[in-house]
Structure formats: C-alpha cells, structure tokens
Amino acid sequence: MGKEKPMALGDILKIEMDGISHQGWGIGRYQGFTVFVPGGLPGETVEVKIGQMKKSYAVAELIKIIKSSPHRADPLCAKFTSCGGCHMQHAQYEHQLHLKRRIVSDAMKKIGKMNDVQVHPVLGMAHPWKYRNRIQLHVKVDGSRVELGFFKPGTHELVTFEECFLIPDIFNHMRNFLQEELGKYMEKVYLSQLKHIVLKISAYTKEIIVVFVTGKLSFSFLHDLAVALIEHFPTVASVVQNIQDKNSGSLFGPDWKLILGKERIEDKIGDIVFSISPGSFVQVNAEQTKVLYDKVLEYAHLTGKETVMDIYCGIGTMSLLFARKAKKVIGIEEFRGAVEDAEKNARINNIDNAEFIAGKAEIVLPQMETSGIHPDVIVVDPPRKGCDPAVLETIAKMNPPKLIYVSCDPATLARDLKVLTGKGYEVLKVQPVDMFPQCAHVECVTLMSKVEK
C-alpha cells in the first residue's frame with residue numbers, strides 16, 4: 001500500500017478528538033500532526049476541513065459530527081458560532097467544568113513539568129448565565145444605521161445581537177435602546193469617532209456606569225443621549241465620556257469628562273465596600289469573585305499576626321479583605337489611579353493597616369527586599385502574561401513561608417510555578433474557579449509553601 005498523501009489546505013478529513021486546548025477547541029491528530037477543531041469535543045469523531053496550516057499544527061472547520069460526545073449540548077445562543085465570545089456552549093455545564101480541570105492539569109504537566117500536582121475539581125456556578133457585570137460594545141456606522149455589538153475574536157468584524165445570555169437583561173435592553181437612539185445622531189456619531197460603549201453594573205447597588213469612548217473632545221449629543229438613557233433606565237447613575245488618543249493601544253484614554261450623574265458607584269465583597277470609578281478594573285463575575293477570594297483567604301489562614309504583601313493589587317479588593325484578618329497589608333500596583341482608588345477604599349472602610357505603593361512590581365519589589373521587608377504571606381494576581389521574572393526572583397529572596405498565586409491563565413501559571421518550585425517552593429493545592437461559564441477561560445488559586453531544608 002502507498003503512503004497517504006500529506007495533509008493540505010482545504011482537505012476534508014475524518015478525525016477522532018482526544019483532547020481539549022486552552023481555547024476550548026477539540027484536539028485530534030492526523031498522520032501524527034495536531035489538528036485543532038473549534039466546536040469539537042474529546043471523544044468525538046468528526047469530519048473537518050483544514051483551514052490553516054502551520055509548522056506543527058493545523059486548524060480545521062467542523063463540518064459534520066460522525067460520533068457525538070454524550071456531553072454535547074445545544075448552544076443556547078443562535079450567534080454562538082459567529083460571535084466567538086463563548087467557546088463552550090456546545091458542552092453541558094458539568095462537562096465544561098471537567099474540561100477546564102483537564103486544561104489546568106495539562107498545563108501543569110506539559111508546561112510546568114509537574115506530574116504529581118493535584119488539581120481540585122473546578123468550583124462552578126449554580127446558574128452559569130447572565131453573570132457579566134461589565135461589557136464593551138463596539139460601534140459601527142454602517143450605511144444608514146449605527147450598529148452595536150461584539151468583535152469576532154481576532155477580527156474587526158462586528159457581530160450584532162438582541163440578546164446575549166452572559167449579560168444581565170438590562171444590558172441587552174440598553175444595547176438595543178442605544179443602537180436605536182444613536183441612529184438619530186448618525187453624522188455626529190461618525191464625527192465624534194465614537195468607538196466603544198462600556199457598561200458596568202454594581203452587584204450590590206445595581207447602579208450602572210456608562211462610558212462613551214470617543215476620539216474627539218466634546219459633542220453635545222452625548223448629553224442628550226445621557227438624558228434619554230437615564231429617563232429610560234433610572235439605575236444609570238453615571239454617564240462619562242473618555243477621550244482616547246488615536247495611537248492608544250488600551251481601551252481607555254487619559255482624558256475623562258463626566259456628562260451626567262456621579263463620578264463613582266459602589267460595590268461590595270463580603271463586608272468591604274468599594275468605590276468604583278469608570279476606569280477601575282473589577283472582576284466581571286461578582287458571585288464567583290466572592291468564591292475566589294474566600295478560597296484565597298482560606299489558603300492564607302491568617303491569625304492577625306501576619307504581614308501580607310499583595311502584588312498586582314488593583315483597587316485593593318483582596319488587600320482590604322486581608323487587612324481585616326492580618327497585622328499589616330502592603331499592596332503594589334503599577335497604575336496610580338488604581339492605587340488612589342485602593343487608598344480611598346481603605347478610608348471608606350476605616351482600614352488603617354493597609355499601605356499601597358504605586359509602581360511596577362519588578363522595580364518596587366527588589367527595592368523593598370533590599371530594605372529588609374520580608375512578609376509572612378505573599379499573594380500575586382498578575383495579568384494574563386504572568387509574573388515578570390524579576391518578581392519571581394525577588395519573591396524567592398523574600399522567602400515567605402506561604403505563597404498564593406491567583407491566575408487567569410493556566411499556561412503562564414504553570415510556567416511561573418515551575419520557576420518557583422526551582423527556587424525552593426512546593427505546590428500544595430491548585431483550585432480552579434469558574435469565573436467565565438460558557439467560555440474556555442479559567443481562574444486558579446494555587447497555594448505554595450517553602451520547602452523546609
């Protein structure tokens with residue numbers, strides 16, 4: 001028998017799925033070559049069309065399911081395949097949790113080279129829908145109408161919708177209202193370079209902040225729009241314009257202008273009240289944020305005698321929860337605005353044993369170690385890219401008996417844990433928390449301790 005011809009673009013192939021990627025894509029193999037299949041599930045046999053060819057893998061379009069997984073579900077949303085914002089609606093929720101645990105375990109073994117680390121079952125939600133407290137709507141002027149929606153991942157292709165099942169009902173109503181209302185100001189929307197509309201809701205007060213992100217300085221129609229918004233949605237407490245520099249790579253620009261209402265709203269985690277400004281970062285799932293932070297507090301097991309360091313502390317959400325149970329808390333955060341929010345939140349809650357320092361962790365931390373600061377517990381909650389190498393190096397020098405790593409990316413978590421285990425720490429527990437049901441993302445809380453020599 002002759003050899004099978006090599007795989008090529010456009011080929012229609014039959015493949016068995018035996019794995020899951022960090023994007024939530026099924027993984028199969030053909031002639032020893034890895035093939036990623038969005039929409040595929042482990043245990044399925046599928047017919048696919050090869051759409052991308054790389055050196056070590058291919059990405060294929062799912063054409064037909066020949067043998068279906070018993071855990072497959074009918075997606076609730078009609079835009080599931082076109083939007084791309086959700087990755088796992090095609091799997092039953094309990095199976096989503098199983099797959100996310102597998103994603104974390106695979107990262108620990110393949111990237112972290114830690115085969116004996118126990119990854120606990122994922123802590124999920126009783127009702128895994130309508131959980132997002134923040135969304136970003138993109139604005140597109142299309143012919144004679146204005147359209148609001150989400151970008152298809154990796155593109156600027158707008159996907160409009162009337163109902164997204166991950167957001168509160170009021171956000172759907174507001175999106176539909178805003179799209180219709182903006183149609184009355186077609187030319188002004190275009191001239192103002194209105195780019196995005198950000199909606200934030202407090203789980204505690206139910207108040208809403210609306211942020212119009214524009215490229216120009218001042219447009220009176222935004223005030224008229226704010227008045228109409230508040231008339232229709234009385235829980236809108238703040239309408240703000242953010243002017244974004246055309247070269248800015250971030251969502252928000254440096255200039256803010258209050259259009260109507262108040263500058264801040266309040267939210268609450270446990271018994272700590274937080275004042276939230278329009279640009280403040282908060283976790284998008286309030287219910288699971290409490291689950292996550294409760295687990296961090298459990299792992300910290302504070303007695304009131306400890307000094308805790310919270311690296312990448314943001315607006316102080318975890319720091320202030322620690323402060324209730326620790327002797328002292330030191331928070332480090334790069335963004336000065338977030339540090340100002342953290343200090344304000346400490347004052348609101350009458351907390352005087354929390355100190356916040358503005359600066360890059362990789363610069364501030366070595367300076368603190370040189371000055372002789374050696375905390376009992378260090379908590380790190382870095383962005384998706386993980387910790388800077390200088391941060392890991394300095395943590396090891398500070399030699400805390402207990403280290404807690406909160407991560408939103410299993411791959412960078414595993415990479416950093418590998419470094420830390422090489423510096424005298426051992427991984428005791430890895431607890432995934434499902435902050436993003438229906439999506440492939442998974443948050444983890446990892447407890448590490450110094451190995452006694």
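This is a predicted model: local features need pLDDT of at least 70, side-chain atom pairs count only at pLDDT 80 or more; totals for chains, interfaces and linings use all residues.
Is Glu334 buried, exposed or partly exposed? Hold that thought, everyone, and I'll come back to it with its partner.

A word on the model before we start. Residues are numbered from 1 along each chain as its sequence is written, and side-chain values use heavy atoms, with hydrogens and water left out.

Let's take the salt bridges. By that I mean a side-chain nitrogen of Lys or Arg within 4 Å of a carboxyl oxygen of Asp or Glu. Searching the whole structure turns up 16 of them. Side chains of opposite charge can pair when their charged atoms come close.

Now, that opening question. Glu334 counts as partly exposed, because its relative accessibility is 40%; the scheme is buried under 20% relative accessible area, exposed over 50% and partly exposed in between, with a 1.4 Å probe and protein chains only. Its side chain meets that of Lys360 in a salt bridge, at 3.1 Å from N to O. The pair links distant parts of the chain, 26 residues apart: Glu334 is in the loop between strand S16 (328-333) and helix H8 (336-348), and Lys360 is in the loop between strand S17 (354-358) and helix H9 (361-370). Helices (H or I, at least four residues) and strands (E, at least two) are DSSP runs here, numbered from the N terminus. Lys360 is partly exposed too, at 38% relative accessibility.

Please turn to Asp434 next. Which residue does Asp434 form a salt bridge with? The partner is Lys100, and the closest N and O atoms are 2.5 Å apart. Asp434 sits in the loop between strand S20 (425-433) and strand S21 (443-450), and Lys100 in helix H2 (residues 93-110), so this pair ties together parts that are 334 residues apart in sequence. Asp434 is buried, with a relative accessible area of 0%, and Lys100 also counts as buried, at 0% relative accessibility.

One more pair for you: Asp416 and Arg415 form a salt bridge, with 2.9 Å between the closest N and O atoms. Here Asp416 counts as buried at 1% relative accessibility, whereas Arg415 is partly exposed, with a relative accessible area of 35%.

Staying in that part of the sequence, have a look at Lys418, in helix H11 (residues 410-421). Lys418 is partly exposed, with a relative accessible area of 41%. Leaving aside neighbours within four places in sequence, Lys418 is in contact (heavy atoms within 4.5 Å) with Ile111, Gly112, Lys113 and Met114. Take Met114: it is 304 residues from Lys418 in sequence, yet the two C-alpha atoms are 7.7 Å apart in space.

Asp434 comes up again when we look at Asn285. Asn285 lies in the loop between strand S14 (272-276) and helix H6 (286-300), and counts as buried at 1% relative accessibility. Beyond neighbours within four places in sequence, Asn285 is in contact with Met125, Tyr131, Asn133, Asp434, Met435 and Pro437. The side chain of Asn285 also reaches the backbone nitrogen of Gln288, at 3.1 Å.

On a 1 Å grid over the protein atoms alone, a cavity is a set of points where a 1.4 Å probe fits but cannot get out, and a pocket is an open set with protein on both sides within 12 Å along at least five of seven lines; lining residues have an atom within 4 Å of a point. Grid points are joined across faces, edges and corners, and a volume is the space filled by probe spheres set on the points.

Last stop, the second largest pocket, with a volume of about 680 Å³. Its lining has 23 residues, and Trp25, Pro38, Gly39, Thr81 and Lys152 lie nearest its centre. Strand S4 (45-53), strand S5 (57-67) and helix H1 (80-83) are the elements giving two or more residues to that lining.

Notes: A polar contact is a pair of N or O atoms within 3.5 Å; within protein, one must be able to donate a hydrogen and the other to accept it, and residues adjacent in sequence count only if both atoms are side-chain atoms.
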